[in-house]
Amino acid sequence: MNPTNKFTSSRLFTLLGSTRKARIISASALFLAVCAFGAAGVAPLAPDASDLPVKSVSEELALPNLSTQIAALEQQQTSEHYIHEEKVRAGDTLAALLNRLGVDDEAAETFIKKDKVARGVMQLTTGKRVQAQTDDEGNLQWLQATVVDGKDVPVKNISITRKGDGFVAKEEAAKLERRIEMHARTISSTLYAATDSSEDGAKLPDSIVKQIIEMFSTNIDFRGDLKRGDHFNVVYETFWQNGEFVRAGRILAGEFTNHGTTYQSVWFEDPQTKQGGGYFSFDGKSLKKAFLKSPVEFSRISSGFAMRVHPISGQWKQHKGIDFPAATGTPIRAAGDGVVDFEGTQNGYGNVIVLKHWANYTTAYAHMSRFASGIKKGSKVSQGDVIGYVGTTGWSTGAHLHYEFRVGGEAKDPSKMNVQAQAPLTAAEMARFKTYAADMSHRFALLQPVGSGSTRVAAK
């Protein structure tokens, strides 16, 4: 064997390692090193920067006109707008309100006074919020307000907007957010003193106080029966718009403890049958009174349900209703919940409304001078709602209401009828009622002072 080859082979294996794994790793490293030297040998050299060609580029830039910028800023300053917000004060005039809003615009004031829609702003009640935008000279850009009527029921949102040299006004239904409020009160002197202020800092709306009185007046004499320490809890709905209180709604549940006895009432309107709601005791018994004995307040009976000589024909015949004399224009109330079955003129009845109630009960109201707004065939009414006004139309010798109570279309003497004003709950309705009533009972428990003793609930 060639000595050179022998030396090379033995020395090579010694350098690569004595084990097979070590020889493989060493050979791989040697191969990568050879590749690196080869790449360096064939790579081209980078050109010298001093040998590269040089090219000069020049361009003229237009600087912004300083006077134009100043004029634009001045124009922007003269176009600034300001938004003001005020609440209507007692005794406010339109001029006083606009003045506090920063409006110094005779044309805007004239438009509000003359435009049919814009005039609604002048109906705003004390405490209602008004917003307006003006420029720095006091010219009105827009004005917005929510108008409610005397019953504190939201009617519409009114907006007045500048359009060119004039104004346009539009109205739309208010989009209200419904909230549920709960309050507890203790009587220290009077009911109104308890509802005006308390530790929670909330004043109960007047409409809620009125409902409390109506709800419990059959059991409690609020003029002389209250005593120090009596207390009540109330859960009711309120309606808000853009964070502003708009109106109170209906009492959903209430309980009043008077002389140690607690009276409870809960409003229930079945979401499935949608037959209208009513107040019930917590055991599901209706608390709605029977049909009103008199659809006209503070009126006597001039002719009852009996035989009589007809004042016009002179014939002896049955008078199939009850006559209530009252001045023309006196409001007439629905005797019970129902739907308008007829609204119009019928021979001797003159202007007459017929209401259809539950089961086969109907009531008729004749000789009206006019019908209440919104009353038409198919309209739903609740007990006590005004449906028309006393008059002397048809065969009538003087202003009065002729009232009839009918069963199956036949007139009956209402003084001898013992009927409920509302149908009792069915088994399915009762199941849903108990779930709803349980929620209201839980709310009352949350209002109960810690450590207070239980109270006795009045039997219904």
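Lys 377 has a relative accessibility of 59% and counts as exposed, because the cut-off for exposed residues is over 50%. The structure discussed here is a predicted model. Lys 377 forms a salt bridge with Asp 341, and the closest N and O atoms of the two residues are 3.8 Å apart. Asp 341 belongs to strand S15 (residues 338-346), whereas Lys 377 lies in the loop between strand S17 (361-371) and strand S18 (380-381), so the pair ties together parts that are 36 residues apart in sequence. Asp 341, at 36% relative accessibility, counts as partly exposed.

## The chain as a whole

The protein chain contains eight helices and 22 strands. Of its 460 residues, 36% count as buried. The chain exposes about 28,200 Å², and carbon and sulfur atoms supply 54% of this area.

Contacts within the chain can also be described by separation in sequence. Among those between residues at least 6 apart, 59% join residues at least 24 apart.

## Other salt bridges

The structure holds 15 salt bridges. The general principle is that side chains of opposite charge can pair when their charged atoms come close. One of these bridges links the side chains of Asp 105 and Arg 162, at 2.6 Å from N to O. Asp 105 is found in the loop between helix H4 (94-100) and helix H5, and Arg 162 is in strand S4 (residues 154-163), so this pair ties together parts that are 57 residues apart in sequence. The two partners can be described by their accessibility: Asp 105 is buried at 8%, while Arg 162 is partly exposed, with a relative accessible area of 25%.

Another salt bridge brings together the side chains of Asp 92 and Arg 100, with an N to O distance of 2.7 Å. Asp 92 has a relative accessibility of 25% and counts as partly exposed.

Helix H8 spans residues 427-447 and has 21 residues. From its first C-alpha to its last, H8 reaches 30 Å, close to the 30 Å expected at 1.5 Å a residue. Which residues of H8 are buried? They include Glu 429, Phe 433, Ala 437, Met 440, Phe 444 and Leu 447. These residues cover an arc of only 60° around the axis, which puts them on the same side of H8. An α-helix has 3.6 residues a turn, so residues three or four places apart point the same way.

The other side of H8 carries the exposed residues Lys 434, Thr 435 and Leu 446. The cover over the buried residues of H8 includes several strands, among them S6 (177-186), S7 (231-241) and S8 (244-258). Strands S9 (261-268) and S10 (278-280) are also part of that cover.

## Two residues in loops

Where does Lys 128 lie? Lys 128 is in the loop between helix H5 (106-114) and strand S2 (129-135). With a relative accessibility of 10%, Lys 128 counts as buried, since the cut-off for buried residues is under 20%. Its side chain reaches the backbone oxygen of Val 246 at 2.9 Å.

Glu 297 occupies the loop between S10 and strand S11 (306-309). Glu 297 is partly exposed, with a relative accessible area of 45%. Glu 297 and Ile 332 are 35 residues apart along the chain, and their C-alpha atoms are separated by 8.1 Å.

Methods:
Residues are numbered from 1 along each chain as its sequence is written. This is a predicted model: local features need pLDDT of at least 70, side-chain atom pairs count only at pLDDT 80 or more; totals for chains, interfaces and linings use all residues. Side-chain values use heavy atoms; hydrogens and water are left out. Helices (H or I, at least four residues) and strands (E, at least two) are DSSP runs, numbered from the N terminus. The expected span of a helix is 1.5 Å times one less than its number of residues. Buried means under 20% relative accessible area, exposed over 50%, partly exposed in between (1.4 Å probe, protein chains only). The arc is that of the directions from the helix axis to the C-beta atoms. Contact means heavy atoms within 4.5 Å. A polar contact is a pair of N or O atoms within 3.5 Å; within protein, one must be able to donate a hydrogen and the other to accept it, and residues adjacent in sequence count only if both atoms are side-chain atoms. Accessible areas come from the Shrake-Rupley method with a 1.4 Å probe; for residues, only the protein chains shown count as cover. A salt bridge is a side-chain nitrogen of Lys or Arg within 4 Å of a carboxyl oxygen of Asp or Glu.
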